[in-house]
Amino acid sequence: MRARLVIVDDEPITRLDIRDIVEQANYQVVGEAGDGFEAVETCQKERPDLVIMDIRMPLLDGLKAGKKVMDDQLTNGIIYLSAYSDDTDMQSANNIGAVGYLVKPLAERSLLTTITVGLAQSNRTKSLFEKMDFLSSKLEQRKVIERAKGVLMEENKLTEDAAYKMLRNLSMTKRCPMNDLAELIVMNA
């Protein structure tokens, strides 16, 4: 599957140049935007793998738009473009979680290399977020089971081990996930 990109720059010619470069490299451009507001809207609609975004744009700059896009997890990564190699902009881009920063005028090879590295980094980040969500869900389930054990221990004067066995046996006989049973047990507790 080809990587899906959104290109954001207030200069239509620059967007066209970038589009030509990335499409020739077999990437799919799923959207373009001319300012930060359009960037956020396009990312909400398309959920691209990567965004290539200019920093200095009218209305809403790329840094503010990028922060919104990353905070809302609308993309896996952003490569920032700038006509300036400004330390403040670079630090802001880094704080947002940019996977790349290129200074204009763009060299085709640098852009494509940065996209390749950026996609790899953003895929790792996406994988970590998925693992984090999974583990967070499991932790919440475990907390509910622990509370249910506490309720069973108190109501039935059981040991912790006996309460767990009771919960497990109920789960098997009722053919219901243990977490679902635990939620029912703690519902009014």
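User: Where is asparagine 26 placed?

Analyst: In this predicted model, asparagine 26 sits in the loop between α1 (12-24) and β2. Its phi is positive, about 70°, although asparagine 26 is not a glycine.

User: What makes that phi worth a remark?

Analyst: Most residues other than glycine have a negative phi. Asparagine 26 has a positive one.

User: Why is asparagine 26 called partly exposed?

Analyst: Buried means under 20% relative accessible area and exposed means over 50%. Asparagine 26 has 45% relative accessibility, so it counts as partly exposed.

User: And why is leucine 59 called exposed?

Analyst: Its relative accessible area is 70%, and the cut-off for exposed is over 50%, so leucine 59 is exposed. Leucine 59 lies in the loop between β3 and α3, and its phi is positive too, near 70°.

User: How do you know that threonine 114 counts as buried?

Analyst: Its relative accessibility is 15%, which is under 20%, so threonine 114 counts as buried. Threonine 114 belongs to helix α5. Leaving aside neighbours within four places in sequence, threonine 114 is in contact with Ile79, Gly100 and Leu102.

User: What makes the peptide bond from lysine 104 to proline 105 cis?

Analyst: Its omega is near 0°. Most peptide bonds are trans. You can find proline 105 in the loop between β5 (100-103) and α5.

User: How do you know that the span of helix α6 agrees with its number of residues?

Analyst: Helix α6 (residues 160-174) has 15 residues, and at 1.5 Å a residue they should span 21 Å. The end C-alpha atoms of α6 are 21 Å apart, so the two values agree.

User: Why can one say that the buried residues of α6 line one face?

Analyst: The buried residues of α6 are Ala163, Leu167 and Ser171. Seen down the axis of α6, they fall within an arc of 75°, so they line one face of the helix. As a general rule, residues three or four places apart in an α-helix point the same way, because there are 3.6 residues a turn.

User: What covers the buried residues of α6, and which exposed residues are on the face turned away?

Analyst: The cover includes α5 (108-156) and α7 (178-186). The face turned away from the buried side carries the exposed residues Met172 and Thr173. After α6 comes arginine 175, whose phi is positive, near 50°.

User: What makes a group of residues a nonpolar core?

Analyst: The residues are buried, of nonpolar kinds such as Val, Leu and Ile, and joined through side-chain atoms within 4.5 Å. The largest nonpolar core here has 22 residues, and those touching the most other members are Val8, Val51, Met53, Leu63, Val69, Ile78 and Tyr80. Elements giving two or more residues to this core include β1 (4-8), β3 (50-54) and α3 (62-71). The largest share, four residues, comes from α3.

User: Which residues does leucine 63 touch?

Analyst: Not counting residues up to four places away in sequence, leucine 63 touches Ile55, Tyr80, Asp89, Ser92, Ala93 and Ile96. There is also a second, separate core of 18 residues, with Ala3, Ile7, Val22 and Ile115 among them.

User: How is the chain divided?

Analyst: The division is into domain 1 (4-106) and domain 2 (133-188). Taken over C-alpha atoms, their centres are separated by 47 Å. An unreviewed UniProt entry carries the annotation "domain: Response regulatory" for residues 4-119.

Notes. Residues numbered from 1 in each chain as written. Predicted model: local features only at pLDDT ≥ 70, side-chain atom pairs only at ≥ 80, totals over all residues. Heavy atoms only, no water. Buried < 20%, exposed > 50% of the residue type's maximum accessible area, 1.4 Å probe, protein only. Contact = heavy atoms within 4.5 Å. Expected span 1.5 Å × (residues − 1). Arc of directions from axis to C-beta. Domains from an automatic or database assignment. UniProt positions renumbered as here; feature names shortened; annotations may be inferred.
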